[in-house]
Amino acid sequence: MSLMPAGTDTAIIGIGEYRVGSMPMASIGLGSCVGLILHDRQTGIGALVHIMLPASQGKTDRPGKYADTAIDVLLKELSRSGSSPANLIAKIAGGSAMFKTFSGNLNIGERNVEVIRKLLKDNNIPLKGEDVGGCVGRTIFYYPKENGKLVIKKGDGKLSEL
Amino acid sequence: MKLTHVQIDALQELGNIGAAHAATTLSTMLSANISMSVPEIKMIDISEIHKYVGDEIAALVLFQVNGEVKHGGYLLLYIPKSSVIRLTNAMLGLTEMDRELDEMDESALLEVGNIMVSAFLDGTAELLNIIMLPSPPQLVIDMPHAAIESIIASQESEDINEVVLFRTALVSDAHNIQSSIFLFPNNPMLEDIIRRLEELLNPPI
């Protein structure tokens with residue numbers, strides 16, 4: 001059971017997926033992945049993407065999976081639904097390091113966050129809130145119609161809002 | 001990668017043997033009967049993992065599989081939070097239910113994970129006739145989805161789109177303890193295991 005009401009109208013955004021619209025959106029259990037929100041303050045429309053890796057390296061089949069292609073596709077889709085880039089703000093959550101001793105890329109969360117910050121800067125989108133890093137899981141709920149409110153539930157049970 | 005029915009059946013049998021070994025050790029540790037579900041094997045798109053593992057806090061004891069098999073797969077013992085205290089109480093001889101988890105609980109969880117996962121790998125390795133060893137365990141008490149997506153992301157060079165979920169539930173009715181074993185083989189390990197299973201089914205003449 002989720003603490004927060006993930007109503008039937010809430011769109012659940014899985015790994016590598018994204019949605020654009022005004023309905024509530026959620027991503028369950030972010031670890032090293034990052035939930036990025038681009039919110040249009042004028043129209044109350046926005047987007048949530050569940051990014052897994054920093055770089056697409058030329059792949060185009062899952063734009064939401066990689067930081068670089070994710071930002072491109074969100075900007076394109078938001079502009080199609082009438083958003084002007086000047087009205088957009090960003091919020092991010094996730095990018096933690098759940099493990100310490102396994103082989104493999106354990107700093108992937110940190111790298112995801114770094115690349116996203118840089119890409120937002122390159123696109124002149126202000127980063128208005130972030131809850132990243134640490135070694136804790138996060139479930140996030142995004143409410144485009146409530147001024148882009150982002151509610152974060154952490155693995156230790158704590159709730160916060162950006 | 002698509003799995004055929006024969007391959008799924010073979011993997012299921014492999015899991016059955018591993019889980020039965022793990023259940024036996026758990027049964028010995030708790031001095032109680034353990035019932036075991038038929039293993040479930042599914043190919044899942046990464047975007048749908050949240051439908052199988054959620055954000056309810058659980059204790060996860062994680063191992064990387066090494067040895068004579070192509071490494072990179074993970075085995076995971078999953079114990080929902082409600083069962084954690086009951087399990088460690090049963091192991092430590094405690095009765096207080098309403099308490100915070102401490103270092104004793106963490107060592108007990110690592111221990112039970114170690115013993116069960118080693119037994120699982122002994123069972124499967126015996127069938128495949130190869131040595132499979134668990135890495136040192138890592139304990140995470142957090143959201144299962146967060147842990148699993150981090151494992152998948154950490155294999156960046158493989159750029160995974162699909163995972164094989166293998167899970168079996170082990171339940172002790174006497175202690176009201178639930179647990180599951182998950183196996184996440186990566187593609188090289190999965191191909192290696194399937195090749196060995198197929199050799200067993202159709203031995204070269």
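Select A:Tyr18 in this predicted model; A:Tyr18 stands opposite A:Val49 in β5(A). Now widen the selection to strand β2 (residues 18-21) of chain A, which is joined to β5(A) by 4 bridges, the two running antiparallel.

A:Gly35 is found opposite A:His50 in β5(A). In the hairpin of β4(A) and β5(A), 5 residues lie between the strands, and A:Gly44 takes a positive phi near 70°.

Stay with β5 (residues 46-51) of chain A. Is this strand buried or exposed? Of its 6 residues, 6 are buried, so the strand is largely enclosed by the rest of the structure. In a regular strand, side chains alternate between the two faces of the sheet. Colour A:Gly46, A:Leu48 and A:His50 for one side of β5(A), and A:Ala47, A:Val49 and A:Ile51 for the other; both faces are covered.

Move to helix α1 (residues 67-80) and helix α2 (residues 108-122) of chain A. They pack at an angle of about 40°, with axes 9 Å apart, and their crossing is right-handed. From α1(A), A:Ala67, A:Asp68 and A:Ile71 meet A:Asn112, A:Val115, A:Ile116 and A:Leu119 of α2(A). This contact has 5 nonpolar, 1 polar and 1 charged residues.

Finally, show chain B, where 24 residues are in contact with 27 residues of chain A. On the side of chain B that touches chain A, β6 (138-142) and α4 (144-154) of chain B each give two or more residues. α4(B) gives the most, with 8 residues. The residues on that side of chain B divide into 10 nonpolar, 9 polar and 5 charged.

Terms used: Residues are numbered from 1 along each chain as its sequence is written. Chains are lettered from A and ligands numbered from 1 in the order in which they are written. This is a predicted model: local features need pLDDT of at least 70, side-chain atom pairs count only at pLDDT 80 or more; totals for chains, interfaces and linings use all residues. Axes are lines fitted to C-alpha atoms, for helices over the stretch in contact, and angles run from 0 to 180 degrees between N-to-C directions. A crossing is left-handed if the near helix is turned anticlockwise from the far one by less than a right angle, and right-handed if clockwise. Two residues are in contact if their C-beta atoms, placed from the backbone, lie within 7 Å. Ala, Val, Leu, Ile, Met, Phe, Trp, Tyr, Cys and Pro count as nonpolar, Asp, Glu, Lys and Arg as charged, and the others, Gly among them, as polar. A residue is buried if 20 or more other C-beta atoms lie within 10 Å of its own, exposed if 12 or fewer, and partly exposed in between; C-beta atoms are placed from the backbone. Two strands pair if DSSP finds at least two bridges between them.
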